[in-house]
Amino acid sequence: MLSWFDRNQRALPWRQEYNPYHIWIAEIMAQQTQMERVVDYFSRWIERFPDIHALAVAPEQEVLKAWEGLGYYSRARNIHRAASLLAARHGGEIPDDHGQLLALPGIGPYTAAAIMSIAFDRPFPVLDANVQRILARLTDLDRPLRAAGTQRLLQEVATRLLAGERPRLFNQAMMELGALVCTPRHPGCDRCPVRDHCRALAADVVAERPLPRPRQEGVRITMACVILCHHGRVYIQQRLPDDVWGGLWEFPGGRLKAGESPDQAARRELREETSFRAGNLRPFRTVTHCYTRYHVTLHAFFSNLGQCSHVPVLRAATDYRWVDLAGLSGFPFPAGHRQLVGHLKKNWKNG
Ligand code: SF4
């Protein structure tokens, strides 16, 4: 595995110095994100926040903006909170201590093990999705990864494999093998360095390992929002801190109630969230996006402000702005609303 890794590893920016801060950021970014995108985001991030002190003093809005597009924004807020704690209590350094890492916001057992092994070369097995898949195939595991007791079993296997190896390189070799060779579909068993030890290959059941987990039904959600215009500016508001996209910005709106049409819901949500009255609603765009198991359809309407006062009564937001088109680029939006901003810009350009 080590010599295979030596020959085949990808040149990733955080593999140059193994700076613990870099490893931490890369590990959090890589959760649920493809590596090519991580490299882009990582490079911009390190340029903007070169160390933990710079990150700790940055405004949250800048941190969220740097994260925009990666999704799961609680990760960015946790990184920011952890940076403040590290600056205050650890001199702006990542502690070489598993327990202290686990005490930081957003660092669970997986990330703590990854930092301990990859940044500090300590013997902590790392069980990301790639490694779990390899182990399920190597051991010909005949139950789903989420089944009771399976994670502990894999942890024991990974710990045994790691014993006596060089943790930094061995863990990365496993993760890299899963990313490049032992892929979910069409694994390259003919060029795999551990094929002679693979029980799933010997039993000709590679395609059935790991066993799929029971299907979870997707949930469809329909939402509506209003792009409210007033003197060449549009209204945006900042979401409450404790919801899934807390701290991000949006056009006011929400879910349709039973029997409601999208325009009725848009009008009602605008009134409930801001006390604004909309003028005529004109359909603008309908966009769709998915997160976790939710499939969201968002209907957006244009409207002019139907009243004199342009000051809202905020009931679902902590802050608001009236911004021109260029100004919208300075704010982080969740996926659906970001698509609307893109359409607004295109429409504007095309007159
Ligand atoms: S032989 Fe195939 S299934 Fe087994 S570990 Fe290697 S790539 Fe994965």
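Which helices each supply at least two residues of the shell around the ligand? They are α9 (129–138) and α12 (199–202). Helices (H or I, at least four residues) and strands (E, at least two) are DSSP runs, numbered from the N terminus. The largest share of the shell, three residues, is contributed by α9. In total, 15 residues surround the ligand. A residue is near a molecule or strand if its C-beta atom, placed from the backbone, lies within 6 Å of it. The closest residues are Arg137, Cys182, Cys189, Cys192 and Cys198. By class, twelve residues of the shell are nonpolar, one is polar and two are charged. Here Ala, Val, Leu, Ile, Met, Phe, Trp, Tyr, Cys and Pro count as nonpolar, Asp, Glu, Lys and Arg as charged, and the others, Gly among them, as polar.

The model is predicted: local features need pLDDT of at least 70, side-chain atom pairs count only at pLDDT 80 or more, and totals for chains, interfaces and linings use all residues. Residues are numbered from 1 along each chain as its sequence is written.

The protein holds 15 helices and seven strands. Its C-alpha trace spans about 75 × 50 × 40 Å along the principal axes. Of the 351 residues, 33% are buried. A residue is buried if 20 or more other C-beta atoms lie within 10 Å of its own, exposed if 12 or fewer, and partly exposed in between, with C-beta atoms placed from the backbone. Among contacts with a separation of 6 or more, 68% join residues 24 or more positions apart. Two residues are in contact if their C-beta atoms, placed from the backbone, lie within 7 Å.

The domain assignment gives domain 1 (2–208) and domain 2 (219–349). Such bounds come from an automatic or database domain assignment. The C-alpha centres of domain 1 and domain 2 are 36 Å apart. Eight residues from domain 1 and six residues from domain 2 take part in the contact. On the side of domain 1 that touches domain 2, helix α5 (residues 60–67) gives the most, with four residues. That side of domain 1 comprises two nonpolar, two polar and four charged residues.

The largest nonpolar core has 78 residues. A nonpolar core is a set of buried Ala, Val, Leu, Ile, Met, Phe, Trp, Tyr and Cys residues joined through C-beta atoms within 7 Å. Ile115, Val131, Val226, Ile227 and Leu228 have the most contacts inside this core. Its largest share, eight residues, comes from α2. Both domain 1 (2–208) and domain 2 (219–349) give residues to this core, so the core lies between them. Leaving aside neighbours within four places in sequence, Val226 is in contact with Phe251, Pro252, Gly253, Ala266, Leu270, Ala278, Phe301 and Ser303.

Helix α8 (residues 109–119) is largely enclosed by the rest of the structure, because nine of its eleven residues are buried. They are Thr111, Ala112, Ala113, Ala114, Ile115, Met116, Ser117, Ile118 and Ala119. These buried residues pack against α2 (20–30), α7 (98–102) and α11 (167–180). Within α8, Ile118 is buried, with 26 other C-beta atoms within 10 Å. Not counting residues up to four places away in sequence, Ile118 touches Tyr18, Ile23, Arg168, Asn171 and Gln172. Ile118 and Ile23 are 95 residues apart along the chain, yet their C-alpha atoms are separated by 7.2 Å. Just after α8, Asp121 takes a positive phi of about 60 degrees.

Helix α13 (residues 262–274) has 13 residues. From first C-alpha to last, α13 reaches 18 Å, close to the 18 Å expected at 1.5 Å a residue. The expected span is 1.5 Å times one less than the number of residues. Buried in α13 are Pro262, Ala265, Ala266, Arg267, Glu269, Leu270, Glu273 and Thr274. The buried residues of α13 pack against β1 (219–230), β4 (253–255), β6 (294–304) and β7 (317–323).

Ser275 is partly exposed, with 14 other C-beta atoms within 10 Å. Leaving aside neighbours within four places in sequence, Ser275 is in contact with Pro312 and Val313. Ser275 and Ala207 are 68 residues apart in sequence and 56 Å apart in space, C-alpha to C-alpha.
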